[in-house]
Structure formats: C-alpha cells, structure tokens
There are 2 protein chains.
Amino acid sequence: MGNKEIQERRMKSYFIQATKEILKGEGLKCISVRNVAERAGYSYATLYNYFKDVKDLIFECVLDFQEECEEFVKGETESTPSGPGKIKAIAKAYIKYFIQYPGIFELFFLEKTNELAHKQPTIMLIYSFLDKLSENEWDFCIKTDSMNAEEAVITRDTLHYTVIGMLLFYLNRRQPVTYKEFTERVEIQLNTILKIN
Amino acid sequence: MGNKEIQERRMKSYFIQATKEILKGEGLKCISVRNVAERAGYSYATLYNYFKDVKDLIFECVLDFQEECEEFVKGETESTPSGPGKIKAIAKAYIKYFIQYPGIFELFFLEKTNELAHKQPTIMLIYSFLDKLSENEWDFCIKTDSMNAEEAVITRDTLHYTVIGMLLFYLNRRQPVTYKEFTERVEIQLNTILKIN
DNA sequence: TTAATTATATTAACATTGTTAAATATATTA
DNA sequence: TAATATATTTAACAATGTTAATATAATTAA
C-alpha cells in the first residue's frame, strides 16, 4: 500500500471517527457535514475530498459498528451453552446493543440511501448480520435434532423480523412505553418463536 | 360549530389534502412547507396559522390514511371466510396498501416525531391499527377453539412485528430484491405464524 | 536550494430547508 | 365610512448539503 493510500485512509478515518462519536452520542439527527468536520479538525469542504457525500460518510461507519456489536454479543453470550437458549441470548444481546445506541439502529435500518447500487454490499451486510451472528447456533440446533432444517430457515426469519419490528416500535414510537414492558415482551416473543419452555 | 371552526377546518383541509397528495405521489421526502403551500394555493407562511409546524401537519394525515387503508383491507377481504385464513388475508391486504404507498409507511413507522406528548394518541393509533383491523377475527378464532386465548395475544404480536419488519426491509433496504420473492416470503411467514396448512 | 507544479485545504457562495417578524391586504365592527 | 381586528404574504434568518474559486502546503524539476 502506497503512501497515498495510507494518508487517504488516515484522513477518512478522522471523519469516520468523528461521525461515529456523534452517532453514538447525540444520534443521527446531529450528524451534519460541518459538525463532523469541526470535530475532525478540518473544514467542512475537506470532507468532500474523501467522501462523495454525507450519506457515503455515514454508511462507512456500518462496518465498524458491526464489528463492535459482534464483540458485544460475543461477550454477552460466551458463557451460554449452545442450543435455542443461545440463539435467544444472541438476539437479546443484539437488541441490547441497539437500545444502547439508538442512533446506530437508525443508521442500520431507518436511514435512507440515495443510490442503492454503490451501497448494496453494506445493505446486504446489515440484512444478514443477525443471521451471521447466530449462524453456528442454528446449525448446532439442526444437527442435534432440536430443530428441523427447513423450519429453521423460516424460524430464523421470523425471529429476525420480529426483533427488528420490536426495536422499531420501541425506539421510534415508544411502544411499549417502559423499558420493563419492552424486555418482558422481548422475552415472551423469543421464547415463543424459539419454542423455549 | 361556529363559523370560525368551520373556516379553520376548511383551511386546514386544504393543506392536509395537498400533503396527502404529495405523500401518495412523490413520497415523504418531497414534503416541504413551500411545496405543500403552493399546491394548496397559499403562501408557505399561511400554513403556520393552522399548524404548529410541518410535523404537526403531516401527522394530521394519519387518520385519513388509516380510514383509507381500512376501507382497502375490507374491500380486499370481505369475501374471505372467518378464521386464521382471514387474519392472513387482512395482513396481506395491509401489506399491499403500504407497498402501494411507501410514503405512508414512512409516515406511520419511520418518520420521527418532535414532541411525543402531543402526538401520543396518533402514535398509539398507528401501533394498534393492525390489531384493530383483525380484532374480530382473533376473537372468532378463540371462540371457535382454533386458538388458545393466551397464545393468541402473543401470536398477534408476532404477526404484527413480523409484518412491519418485512415491510421495513423490503421498502427501505430492498431486501429481498424482487417483489415476487417478497410476496413468497410473506406467504411463508404468515402461514407459519398463523399455523396454516 | 530555488522555481514550477501538483495536491490538498479553506473560504465564499448557492440553493434548499423550516420558521418567525414585519408589512400588507382583507374582513368585521362601530 | 372610519377604525379595528384578522388573515395573508413578503422578507429575513439560521441551518443544511454541496460546489467553485482561492489559498496553502507538498512535491518535483532545474
């Protein structure tokens, strides 16, 4: 990798770092070109030497957040033994991460993309992220006969859609109102979908 | 109702009508105060005599769209006999409506509200809308013993969250890519959740 | 080492947003 | 008809994303 690339990557990282901080702190609505650039220590126009537009910039954060989320989920679930219970634990940790950083949920699922073409790989990554996190566990359940292979795919989707639906309603529509109610409902939904108890 | 109220309601309706047209046509991103006012035949500042802000305006459209959606769902499902199959038909019609008007989906589930307090009734309405549409059918299923009463509540939630999750991914993240794939997946999910076949 | 050239960063500017204050037109009342 | 109240519009502001022109820094050639 030439000096050019190193320097460019470094410059990009300054803006990305600033964007990530704002996203985790104040949230997506506080992201602005001037805001990010100021925090990165550059003029707002400099940003356009490294990113096509502001959407480009914020979607470059996705990968970093996914890695962070993956680490978080692993940390929260490493002591849980394999099986449906582990899939449940993974889903709960996944939910916990987005509850902690609503701005990242917005970025992953709500934020609109201009031109879909260029960001399609990122979008695809977001879509399959929960599946990736629990991939091995589904395989385990199928192998140990606690699940049917065909049904597993459907159940995996139900789980995914339900988790995102619950997060959307709670984070965006305050429904249910309290966090306690929310976690209780999460518990019930996960148990039912995964046929636990 | 005094003349004052009649006139004010009429004025509001002009702006609301314009907003609804833009929402159904060009979508939420094309809503702007100037855009709406121009279509309504007034200056942009006039709007502020009748609405606190632009969020207020667009959330006043919710009720009208719900009525429209309700009519649509009824029309699409009136010939379907009661039972789980009818709940499925209602869910499919509900989905169909939002596929037809993605801007209304955005307004209902994605658009952020400033001050939650004032709009809480509207938000509540959105949240319970699908339940309201299929309320009688759930009761029917419980009465005819095709469903357990406690389980029904949970299943109803699973269905709701899954439907919104599927719509979110398809409309906002083009996942799955084709409409055909989407409808196939809808079919599978609804059948599984409602234990049809 | 210095001059010319290239690359990078900044300032200025533009168009578009939502919103408010001042000014103007319209309707109502005395 | 004159005075007052109400309704509407124009002008203006601040914030947004983005681009063009300018200034600065780095690199290369002599």
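A residue counts as buried if 20 or more other C-beta atoms lie within 10 Å of its own, as exposed if 12 or fewer do, and as partly exposed in between, with C-beta atoms placed from the backbone. This is a predicted model: local features need pLDDT of at least 70, side-chain atom pairs count only at pLDDT 80 or more, and totals for chains, interfaces and linings use all residues. Residues are numbered from 1 along each chain as its sequence is written, and chains are lettered from A and ligands numbered from 1 in the order in which they are written.

**Helix H4 of chain B**

- Helices are DSSP runs of H or I with at least four residues, numbered from the N terminus.
- B:Val62, B:Phe65, B:Cys69, B:Val73 and B:Thr77 are buried in H4(B). Seen down the axis, the buried residues fall within an arc of 90°, so they line one face of the helix. The arc is that of the directions from the helix axis to the C-beta atoms.
- B:Glu67, B:Glu71, B:Lys74 and B:Gly75 are exposed on the other side of H4(B).

**Contact between chains B and A**

- In chain B, 24 residues are in contact with 24 residues of chain A. Contact requires C-beta atoms, placed from the backbone, within 7 Å.
- H9(B) gives the most to the side of chain B that touches chain A, with 12 residues.

**DNA strand C**

- 15 residues surround DNA strand C, the closest being A:Ser43, A:Ala45, B:Ser32, B:Asp53 and B:Val54. A residue is near a strand if its C-beta atom, placed from the backbone, lies within 6 Å of it.

Technical notes
Helix = DSSP H or I, 4+ residues; strand = E, 2+ residues; numbered from the N terminus. Contact = placed C-beta atoms within 7 Å.
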